Amino acid sequence: MTDGDADGPEPETIASSYGVASDPSYAAVVPPLYLSSTYAFAGYEQQGPYDYGRAGNPTRDMLAKALAALEGGAGAVITSSGMAAIDLLVGRLRPNDLVLAPHDCYGGTMRLLKARAGLGQLRVCFVDQGDMREVGRALEDRPALMIVETPSNPMMRVVDIAALAALAHEAEAKVAVDNTFLSPACQRPLELGADLAIHSTTKYLNGHSDIVGGAVIAADPGQAEELAYWSNAVGSCGAPFDAWLTLRGLRTLYPRMRQQQANAMSIARYLADHPAVSKVYYPGLESHDTHGIARRQQKGFGAMLSFELEGGVDKVRRFIEAVKFFTLAESLGGVESLVSHPATMTHADMGEEARGRAGIKETLLRLSVGLEAESDLIAGLQCGLAAC
Ligand code: PLP
């Protein structure tokens, strides 16, 4: 099984079997890992399908095709990190090109856009993409690219991809959706009108916290080719071994997401009822501001959630010291549960003012909910909250 289309197999089947039993040399069931950086020519001017590892690699290409099939795209480029994927899109813009990005985007995305804007390599405008009037005003400046991140990190705000894409297209802007937080198992941005889907494959797609990687999936074959050209030109390609591990992780994406989001829903409900917690941000809760959009555009609510502790920042320290089964670490999307403190970790570089604008308080904690037993996770959180 190598290809997926509208009449093809279900996504679960694509994820679990893409490239399986396709080895022409030894009939290996698991696709082989090609590490070679260079490829022999059959003779003078007789180049094979591959010549040099920066331009192309069979293992990396297999992952790219699997991701393109899962996101419903025409092609994909695998990069060395999620940031390299975003930079592949913005690094080829012209100095006057404007990028519209969410005011509460991932801190690394904000840092990259500000750094490139600081060098005069693009212009950037951060907007609240939940406010269509603000978006409309920003679009009057004719941006080249709109980056969307939904649910947002760490506030889990969900924005309407279809509505944003329609508005952006009227202004002739391309739309790229960072789909890292949900993966194609829960959300397919290209179906909703986006031109590009971005991933930090470091997260759910690989799912085991043992690689750093990224991907851009394009709806249009011309865009996919252009991205592959730039990936080769700048050398942002992902390593073959990382691609192989990601393909292995991808095999279980769908059941992992199902179980992890079921755990997240139970945890969100538990936290929402706890007196030591003042607010829970999980799109699966009916009380969540953007629950309605999430219900409409997602196939699940994901396994990321944030919550605020009642009281001051001293409670954060106490919680972190006492919580069990959640490791204090950045990143997300692995099979293991993690807790992070955005204000001092993932979003520290954003600065206090921008954090304030995005609603990230010092008492906010973010959870990446893993595959452990729900009862253990709730008991682990209980230990943390009892200490607050
Ligand atoms: N996009 C989002 C939403 C992220 O959360 C992250 C990292 O946490 C990135 C992009 C960057 O990915 P990477 O760390 O693989 O460069």
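## The second largest pocket

The second largest pocket of this predicted model has a volume of about 340 Å³. Of the 22 residues that line this pocket, those closest to its centre are Met83, Tyr106, Thr180, Ser200 and Lys203. On a 1 Å grid over the protein atoms alone, a pocket is an open set of points with protein on both sides within 12 Å along at least five of seven lines, a cavity is a set of points where a 1.4 Å probe fits but cannot get out, and lining residues have an atom within 4 Å of a point. Grid points are joined across faces, edges and corners, and a volume is the space filled by probe spheres set on the points.

Helix 3 (82-90) and strand 6 (196-200) each supply at least two residues of the pocket lining, where helices (H or I, at least four residues) and strands (E, at least two) are DSSP runs numbered from the N terminus. By class, the lining has seven nonpolar, ten polar and five charged residues; Ala, Val, Leu, Ile, Met, Phe, Trp, Tyr, Cys and Pro count as nonpolar, Asp, Glu, Lys and Arg as charged, and the others, Gly among them, as polar.

## The ligand and its surroundings

The ligand sits in the second largest pocket, in the sense that more than half of its atoms lie within 2 Å of the grid points of the pocket. Around the ligand there are 14 residues, of which Gly82, Met83, Asp178, Ser200 and Thr202 come nearest, a residue being near if one of its heavy atoms lies within 4 Å. This shell divides into four nonpolar, seven polar and three charged residues.

A polar side-chain atom of Asp178 lies 2.6 Å from a nitrogen atom of the ligand, while a backbone N or O atom of Met83 is 2.9 Å from a ligand oxygen atom, and an N or O atom in the side chain of Lys203 is 3.0 Å from an oxygen atom of the ligand. The protein covers 91% of the 390 Å² of accessible area that the ligand has on its own, with areas from the Shrake-Rupley method and a 1.4 Å probe.

## The cavity

A search of the whole structure finds one cavity of 30 Å³ or more, and the largest cavity has a volume of about 60 Å³. Its lining comprises 13 residues, and Ile78, Thr79, Gly213, Asp242 and Ala243 are the closest to its centre.

Strand 1 (75-79) and helix 8 (240-250) each supply at least two residues of this lining, and helix 8 gives the most, with three residues. The lining of the largest cavity divides into six nonpolar, six polar and one charged residue.

## Backbone features in the loops

Most residues other than glycine have a negative phi, and most peptide bonds are trans. A cis peptide bond joins Thr150 and Pro151, with omega of about -5 degrees, and the bond from Asn153 to Pro154 is also cis, with omega near 5 degrees. Pro151 lies in the loop between strand 4 (145-149) and helix 6 (161-170), and Pro154 is found in the loop between strand 4 and helix 6 as well.

Ser183, although not a glycine, has a positive phi of about 75 degrees, and its place is in the loop between strand 5 (174-178) and strand 6.

## Basis of the values

Residues are numbered from 1 along each chain as its sequence is written, and side-chain values use heavy atoms, with hydrogens and water left out. Since the model is predicted, local features need pLDDT of at least 70 and side-chain atom pairs count only at pLDDT 80 or more, whereas totals for chains, interfaces and linings use all residues.

Definitions and conventions
A polar contact is a pair of N or O atoms within 3.5 Å; within protein, one must be able to donate a hydrogen and the other to accept it, and residues adjacent in sequence count only if both atoms are side-chain atoms.
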